[in-house]
Amino acid sequence: MTTSEPLAGTSPRLSSSDGGGDDWWLFRGDGERREVPFPAAPPWRRFDRQETVTGDRVPYQRPYLIDPDEVEVVNAALHLRRPLLVTGQPGTGKSSLAHAIAHELALGRVLQWPVNSRSTLQDALYHYDAVGRLREATLRRDGDGDGTEPDIGQYIRLGPLGNALVPRERPRVLLIDELDKGDVDLPNDLLTVFEEGEFAISELTRLPASQAPVHVRTDDLDETTPVTRGHVRCSEFPVVVITSNGEREFPPAFLRRCVRLDLPEPNERRLREIVAAHLGPDALDDTDDLLREFLERRAEGELATDQLLNAVFLRKGGVNLDAASLLQSVLHRLGGAV
């Protein structure tokens, strides 16, 4: 490393004498305009999609490593048709498990409901665009239209949970991500839907029987589904994966209806397996110092496995920094103020 001190807020520059050179720099901070070729992205940051045999377009499937005991719990939830409540520290693979199940069982794109403090059950079931329908009705009445009411089904879109409950021969996978970030009453609100496997669209239940069924839009692009008398009832209960970071306890009645799986932080052996699965066995060469530094930092505060993958990817790409300098850039604690 150079001995001169960098300006405040800048990173120390590398030269060829450092052993790594600065060829990996895309942005140099010198104000000079240049077109540089971008290197290949990490496998987990590629967003090109593939067409599957079912017609779905799905992203690159990341490798997923799971112990046999954890596989048993997943299968118990599948057989019992119960939601799988997955807990664990950030980066232990909770959300990725839903994608792994959908990929392995050929269940199509995962329906995702990322929960936050403002999330409600209604958001996940369906949305009715009353304002848009009123605007269209006004245009038809005042314009050159025939004065007929616009089709109400065009203004109803099912949310991820509502779409998961659409009757199908094979279930869909629904990921309810970070439920513990939601309102304290949200788990209880889900109980009836989970137990009954159905919900009602109130705007359609008031329609006369002569208007049934009504085709409404789903959470899938350009797909509609018929709804009779305003009721949606699944024929196969969806594969529901609920993740939690353990920030709050859930009500006993909710926990009783879930199958629970706690994912531990990966040990050194599993970390090596994860690196090899994502980046190839060669990625383990000359990375012992990164693994040691990661494990030491993780013992002091929250770190995620993908942060280690970031560091190994940079090292594999020719960034020849010492472990402490490299990890300082990518291994920041996930908790506390920034």
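The structure holds three aromatic pairs, a pair being counted where ring centres of Phe, Tyr or Trp (its six-membered ring) lie within 6.5 Å, with planes under 30 degrees apart called stacked, over 60 edge-to-face and the rest tilted. The rings of Tyr-126 and Phe-199 have centres 6.5 Å apart and planes at 20 degrees, so this pair is stacked. The pair links distant parts of the chain, since Tyr-126 belongs to strand S5 (residues 126-128) and Phe-199 to strand S8 (residues 198-200), 73 residues apart. Helices (H or I, at least four residues) and strands (E, at least two) are DSSP runs numbered from the N terminus.

The model is a predicted one, in which local features need pLDDT of at least 70 and side-chain atom pairs count only at pLDDT 80 or more, whereas totals for chains, interfaces and linings use all residues. Residues are numbered from 1 along each chain as its sequence is written, and side-chain values use heavy atoms, with hydrogens and water left out.

Five strands form an open sheet in the order S4-S7-S12-S3-S13, with parallel pairing, where two strands pair if DSSP finds at least two bridges between them. Strand S4 (111-114) and strand S13 (259-262) stand at the edges with a single partner strand each, so one side of each is left without a neighbour in the sheet. Neighbouring strands of this sheet are turned by 20 degrees against each other on average, direction ignored. Within the sheet, strand S7 (residues 173-177) and strand S12 (residues 239-244) run parallel and are joined by four bridges, and Leu-175 stands opposite Val-241 in S12.

Helix H10 (residues 288-300) and helix H11 (residues 305-316) pack at an angle of about 155 degrees, with their axes 10 Å apart; axes are lines fitted to C-alpha atoms, for helices over the stretch in contact, and angles run from 0 to 180 degrees between N-to-C directions. That angle makes H10 roughly antiparallel to H11, given that angles under 35 degrees count as roughly parallel, over 145 as roughly antiparallel, 65 to 115 as roughly perpendicular and the rest as oblique. In the contact (heavy atoms within 4.5 Å), Asp-289, Leu-290, Leu-291 and Phe-294 in H10 meet Thr-305, Leu-308, Ala-311, Val-312 and Arg-315 in H11. By class, this contact of H10 with H11 has six nonpolar, one polar and two charged residues, where Ala, Val, Leu, Ile, Met, Phe, Trp, Tyr, Cys and Pro count as nonpolar, Asp, Glu, Lys and Arg as charged, and the others, Gly among them, as polar.

Helix H9 (residues 268-279) packs with both of these helices. The axes of H9 and H10 come within 11 Å and cross at roughly 125 degrees, which makes H9 oblique to H10. Here Glu-268, Leu-271 and Arg-272 in H9 meet Asp-288, Leu-291, Phe-294, Leu-295 and Arg-298 in H10, and the residues of this contact divide into four nonpolar, no polar and four charged. With H11, helix H9 packs at an angle of about 55 degrees, the axes being 10 Å apart, and the two helices are therefore oblique to each other. Leu-271, Ile-274, Val-275, His-278 and Leu-279 in H9 meet Thr-305, Leu-308, Leu-309, Val-312, Phe-313 and Lys-316 in H11, a contact with eight nonpolar, two polar and one charged residues.
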